[in-house]
Structure formats: structure tokens, C-alpha cells
Amino acid sequence: MELRTLTYFVSIAEHGTVSAAADEVHVTQPALSRQIRQLERELGVDLFRRERGRLRLSAAGRQFLPQARDVLMSAESA
């Protein structure tokens, strides 16, 4: 798991769409989607529910989001 991938996850969680998150993190939508699918495989859970073009955090995603933010804040302050 890379910090970059956690950044992508948090961005999608905050924006609700891959396209908006991709614009923010300056990555193409397909690459961002691949990274999130890989993260979900690594963790063994679905972090998002896909609904009508939007991504909503799953229960696992809601639990993981504060942890991801904490890791990113710790890395930034280090």
C-alpha cells in the first residue's frame, strides 16, 4: 500500500466521483480506478459501492477513511 494510493482513496471519498478526484490528483480516470481496485484487493474489502455513476463509501470504506487520513497526516508531518 502506497501513500499515493491512500491519497487517491481519500480524494474519491471526498468528491464522490472518480472524475472529480482524478482532476484533483492529476491522474487519468482509468488509472485512478485501477489503483482503487488494487487497494480493495490488497485489503480484501470493497471500499466503495458503485451507484449510478457515483461512488459511495461502503461500511468498510467508512471505517478505513479516518485511518487513511491519519496515515497521510502523519506522513506529511514527518
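Modeller: Let us begin with exposure. His26 is exposed, with a relative accessible area of 72%. Please keep in mind throughout that this is a predicted model.

Biologist: Where is His26 placed?

Modeller: His26 lies in the loop between helix H2 (18-25) and helix H3 (29-43). Its backbone also deserves attention: phi of His26 is near 60°, a positive value in a residue other than glycine.

Biologist: Which residues that follow helices have a positive phi?

Modeller: Gly16, which follows H1, has a positive phi near 85°.

Biologist: How should I read a helix itself?

Modeller: The general idea is that an α-helix has 3.6 residues a turn, so residues three or four places apart point the same way. Consider helix H1, which covers residues 3-15. Its 13 residues reach 18 Å from the first C-alpha to the last, close to the 18 Å expected at 1.5 Å a residue.

Biologist: Why does the span of H3 agree with expectation?

Modeller: At 1.5 Å a residue, the 15 residues of H3 should span 21 Å, and the end C-alpha atoms of H3 are 21 Å apart, which agrees.

Biologist: Which residues of H1 are buried, and what covers them?

Modeller: The buried residues of H1 are Thr5, Leu6, Tyr8, Phe9, Val10, Ser11 and Ile12. Their cover includes H2, H3, strand S1 (48-51), strand S2 (54-57) and helix H4 (59-77).

Biologist: May we take Thr5 as an example? Why does Thr5 count as buried?

Modeller: Thr5 has a relative accessibility of 7%, and the cut-off for buried is under 20%, so Thr5 counts as buried. Leaving aside residues up to four places away in sequence, Thr5 touches Gln35, Ile36 and Leu39.

Biologist: Which residues are buried in H3?

Modeller: In H3, the buried residues are Ala31, Leu32, Ile36, Leu39 and Glu40. Among the elements that cover them are H1, H2, S1 and H4.

Biologist: How does one describe two helices that pack together?

Modeller: Two packed helices are described by the angle between their axes and the distance between the axes. Here, the axes of H2 and H3 come within 9 Å and cross at roughly 105°. H2 and H3 are therefore roughly perpendicular to each other.

Biologist: Which residues make the contact of H2 with H3?

Modeller: From H2 come Val18, Ser19, Ala21, Ala22 and Val25, and from H3 come Gln29, Leu32 and Ser33. The residues of this contact divide into five nonpolar, three polar and no charged.

Biologist: Is Val25 buried or exposed?

Modeller: Val25, found in helix H2, counts as buried at 17% relative accessibility. Apart from residues up to four places away in sequence, Val25 touches Thr7, Tyr8, Ser11 and Leu32. The C-alpha atoms of Val25 and Leu3, 22 residues apart along the chain, are separated by 13 Å.

Biologist: How should charged side chains be read?

Modeller: Side chains of opposite charge can pair when their charged atoms come close. In this model the count comes to five salt bridges.

Biologist: Which residue forms a salt bridge with Arg4?

Modeller: Arg4 forms a salt bridge with Glu2, and the closest N and O atoms are 2.5 Å apart. Arg4 counts as partly exposed at 36% relative accessibility, and Glu2 counts as partly exposed at 43%.

Biologist: Which residue pairs with Arg69?

Modeller: Arg69 forms a salt bridge with Glu14, with the closest N and O atoms 3.2 Å apart. This pair links distant parts of the chain: Arg69 is in helix H4 and Glu14 in helix H1, 55 residues apart. Arg69 is partly exposed, with a relative accessible area of 34%, and Glu14 is partly exposed, with 47%.

Biologist: Which residues do salt bridges that share partners join into one network?

Modeller: The side chains of Arg56 and Glu51 meet in a salt bridge of 3.3 Å, N to O. Salt bridges that share partners join Arg49, Glu51 and Arg56 into one network.

Terms used
Residues numbered from 1 in each chain as written. Predicted model: local features only at pLDDT ≥ 70, side-chain atom pairs only at ≥ 80, totals over all residues. Heavy atoms only, no water. Helix = DSSP H or I, 4+ residues; strand = E, 2+ residues; numbered from the N terminus. Buried < 20%, exposed > 50% of the residue type's maximum accessible area, 1.4 Å probe, protein only. Expected span 1.5 Å × (residues − 1). Contact = heavy atoms within 4.5 Å. Salt bridge = Lys/Arg side-chain N within 4 Å of Asp/Glu carboxyl O. Axes fitted to C-alpha atoms, helices over the stretch in contact; angles between N-to-C directions. Parallel < 35°, antiparallel > 145°, perpendicular 65-115°, else oblique. Nonpolar A, V, L, I, M, F, W, Y, C, P; charged D, E, K, R; others polar.
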